[in-house]
Amino acid sequence: MKLKAVIIDDEITGREILRNYLRDYCNQVDVLGEAGSVSEGVELIEKNTPDLVFLDVEMPFGNAFDLLEKMPDRTFETVFVTAYDQYAKDALNQHAAYYLMKPINIDELINAVSYVEEIVSKEELLHDRILSSSVRKVEGKITVPQLDGFQVLNVSEILYCTADDNYTEIYTGDRKIVASKTLKFFEESLGAYYFVRIHKSFLVNINEVVKYRKGKGGSVVISNGKELLVSASRKKELLSYFE
């Protein structure tokens with residue numbers, strides 16, 4: 001597959017070096033355009049809807065983080081390319097796919113592109129695609145603790161669970177059950193049955209995911225029509241279930 005990419009860096013030489021490296025060592029990347037400032041970068045991204053943005057940190061009249069704040073619903077992966085290592089933590093908080101230091105190491109660039117390629121290819125596989133009704137066969141029962149005792153549920157009945165402080169709301173096809181245990185408890189109990197934590201508040205039955213929508217983290221649609229947000233930090237784990 002071809003990765004649509006743009007380069008945003010105020011230094012012309014920096015853009016040229018990266019463009020040439022991508023041409024010579026990463027032929028799966030198609031550079032659609034370049035920009036030298038935050039405002040130009042936003043316009044370039046909106047025009048081209050890239051899969052990947054190579055982004056310098058320090059630019060005139062703003063920086064990389066200003067650009068990302070202007071695009072809260074972004075669907076692209078970000079690779080920071082900078083001469084400054086002090087921004088690594090901020091880049092991590094923005095869920096950057098990779099952090100490259102200048103001067104660019106070619107092997108690191110290849111690794112960064114490969115990492116993004118893996119994520120994007122998995123997203124394309126799921127994007128607005130109805131999955132098979134059962135990804136894996138799920139059998140078994142789970143005991144659900146409640147204040148007045150417990151219930152026993154077939155694992156296959158459970159669509160998803162949500163956190164409610166020290167309680168968990170369990171949703172089946174036709175009812176909601178409140179359990180007197182944390183979501184972490186059910187994450188550990190149901191992990192062997194192909195349930196995955198997609199967000200600090202949500203645990204989903206992989207077999208009940210019928211659609212994935214791209215985004216910073218994206219979202220999943222459950223078989224009952226409910227849409228749940230996916231944390232950017234948990235996206236790759238979710239996508240790995242559909243390889």
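Colleague: Hi! Where does tyrosine 167 sit?

Modeller: Tyrosine 167 is in strand β11, which covers residues 167-171. Keep in mind that this is a predicted model.

Colleague: Let's go inside. Which residues touch the most other members in the largest nonpolar core?

Modeller: Those are Ile8, Ile45, Val53, Leu55, Leu67 and Phe80, out of 21 residues in that core. At least two residues of the core come from each of β1 (3-8), α2 (38-48), β3 (52-55) and α3 (64-69). There is also a second, separate core of 19 residues, with Ile7, Val29, Ala97 and Leu100 among them.

Colleague: New topic: how many salt bridges does a search of the whole structure find?

Modeller: The search finds 12. One network of salt bridges links Asp9, Glu11, Asp56 and Lys102.

Colleague: And what does glutamate 157 form a salt bridge with?

Modeller: Its partner is arginine 175, with the closest N and O atoms 3.6 Å apart. Glutamate 157 is in the loop between β9 and β10, while arginine 175 is in the loop between β11 and β12, so the pair ties together parts that are 18 residues apart in sequence.

Colleague: Lysine 176 pairs with glutamate 169, so is that glutamate 169 buried or exposed?

Modeller: Glutamate 169 counts as buried, at 15% relative accessibility, whereas lysine 176 is partly exposed at 48%. Their closest N and O atoms are 3.8 Å apart.

How values were computed
Residues numbered from 1 in each chain as written. Predicted model: local features only at pLDDT ≥ 70, side-chain atom pairs only at ≥ 80, totals over all residues. Heavy atoms only, no water. Helix = DSSP H or I, 4+ residues; strand = E, 2+ residues; numbered from the N terminus. Core = buried A, V, L, I, M, F, W, Y, C linked by side-chain atoms within 4.5 Å. Buried < 20%, exposed > 50% of the residue type's maximum accessible area, 1.4 Å probe, protein only. Salt bridge = Lys/Arg side-chain N within 4 Å of Asp/Glu carboxyl O.
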